[in-house]
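The exercises below are meant to be worked through with the structure open beside the text. Each one sets a task and is followed by a solution that goes step by step.

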Amino acid sequence: MIVDIDEIDHAILRTLQEDGGLSAKDVGGKVGLSQPATWRRIKRLETAGVILGRSIILDREKLGFDVVVYLGVKLVTKGLLSIEDFERAVCAIPEVQLVQHVLGVYDYRLKVVARDISDFERILRRRIMTLPGVGNVESNVLLSDEVVVGMTV
Amino acid sequence: MHIDDVDRKLLRLLQDDATRSVSELAELANMSSGPVWRRLEKLESAGVILGRKVEINYAKLGYSVLVFLRITLDKTQGNAFDEFTIDARKIPEVVAIQTLLGRVDIRMDVRARDLNHYQEIYKSRVLALPHITDIEALMLVSEVKNTERLPI
C-alpha cells in the first residue's frame, strides 16, 4: 500500500505543499528537472494516490465567515445504526467542514464554520444538537491557526 | 471588495473543482471568458482567492497515524503560549498548531509513521514542551468528511 518515492518526488511534494498552484514548469524549475519529467512524476504521484487532488483556498473572513469552532461530540448510543445515521446527517450540514471519527474522550471531531457567534449558536442548536445519537458536545473556538507544512514529507 | 452573486457562483465552481480553466468556468457560468478572467483577477488581487492547495494522502507515504493533542497550558506563566508554540514548531512531526478559546488552550496535530513512532515523539518531544498542565489525545480512526468548502 505504501508508495515508494525518491528524493526528487519528496522535493516535488514539498514544493507543491508550499504552493499548490504551481505549474509543472515552475515545480521543475525549483527542483531542477525539465517540465516533461516533472509532469510525468506529478502524474505518477496522482495515479498512485499520493496526490489526491487540488483545491482552492479562499479567505473565509473576506467571504463573511468569521467564526470557526471545533466540536468534540460524544454519542449516547453506539449501535452500528446510530453511527451510520449520525455520520450521514452530520455530513449533510454545509457548515460542517470536517467530520473525524476518533478514539479518546470524544467519538467525533467536527469543524464548523459560521458567519458569527449567533450564526454558530443557530447551527449548534438546530443542526448539531438535533443529530441522531448526539450526547455531550464540547465547543472550542479557534483563535489562531498555524499550519506547519512540508515537514513530514 | 464587494462580492456579488456572479463572483459567488465562480467561487462555488472552483470549490467543486479547482482545476477548472477560465474557459470551462465561462461555459459553466454562461459567460464569456473575458469577464470571468477579470473577475478572477479581482478576487485574487483582493485576497479572496488565496491560492491552490494539493491534497496529499500521507498514509500512502507511510504515515498512518494522526493524533490530535488537546493541551492545557499553565496560564500563571505570562509567556506560556509563545514559549510553547516556539518550541512546538521545532518538532517536525507537528503539522498544525491552533490556539483555541474553550476548555483547552492549544490543539496540535501530530503525524507519525505508526504507534511506536508516535510514542517516541510523544515521550521525547511533546512531553518536553514547556508550561503543559494537561494533555488529552484523540487518535484519528477515519475521516468521514474533509472539505474546505465554504457554504457560499
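**Exercise 1.** In this predicted model, find how many Å separate the centres of domain 1 and domain 2 of chain A, taken over C-alpha atoms, and then treat chain B in the corresponding way.

*Solution.* Begin with the bounds, which for chain A come from a domain assignment that gives domain 1 as 7–47 and domain 2 as 67–141. The centres of these two domains, taken over C-alpha atoms, are separated by 37 Å. For chain B the assignment gives 5–45 as domain 1 and 58–139 as domain 2, and here the C-alpha centres lie 39 Å apart.

**Exercise 2.** Trace the closed barrel of eight strands and state in what order the strands follow one another.

*Solution.* Start at β2(A) and step through β4(A) and β3(A), cross into chain B at β5(B), go on through β2(B), β4(B) and β3(B), and return to chain A at β5(A), with antiparallel pairing in this closed barrel. From one strand to the next, the twist averages 35 degrees.

Strand β3 of chain A (residues 96–103) is joined by six bridges to strand β5 of chain B (residues 132–146), and the two run antiparallel. Within this pairing, Leu98(A) has Asn146(B) as its bridge partner, while Val102(A) has Leu140(B). At the other crossing, six bridges pair β5(A) with β3(B), again in the antiparallel sense, and Val147(A) stands opposite Ala96(B) there.

Finally, look at a pairing inside chain B, where seven bridges link β2 (residues 65–73) to β5(B) in an antiparallel arrangement, with Phe68(B) opposite Leu138(B).

**Exercise 3.** Determine which residues of helix α5 of chain A are buried, and explain why they line one face of the helix.

*Solution.* Helix α5 of chain A covers residues 117–128, and its buried residues are Phe120(A), Ile123(A) and Ile128(A). Viewed down the axis of α5(A), these buried residues fall within an arc of 60 degrees, and therefore they line one face of the helix. They pack against β2 (67–75), β4 (108–114) and β5 (134–147) of chain A. On the face turned away from the buried side, by contrast, α5(A) carries the exposed residues Ser118(A), Arg125(A) and Arg126(A).

For chain B, helix α5 (residues 115–126) lies across β2 and β4 of that chain and runs at about 135 degrees to β4(B).

**Exercise 4.** Describe the side of chain B that touches chain A, asking which element supplies the largest share of its residues.

*Solution.* First take the totals: 56 residues of chain B are in contact with 57 residues of chain A.

Notes: Residues numbered from 1 in each chain as written. Chains lettered and ligands numbered in written order. Predicted model: local features only at pLDDT ≥ 70, side-chain atom pairs only at ≥ 80, totals over all residues. Buried ≥ 20, exposed ≤ 12 C-beta atoms within 10 Å, placed from the backbone. Helix = DSSP H or I, 4+ residues; strand = E, 2+ residues; numbered from the N terminus. Arc of directions from axis to C-beta. Contact = placed C-beta atoms within 7 Å. Pairing = 2+ DSSP bridges. Domains from an automatic or database assignment. Axes fitted to C-alpha atoms, helices over the stretch in contact; angles between N-to-C directions.
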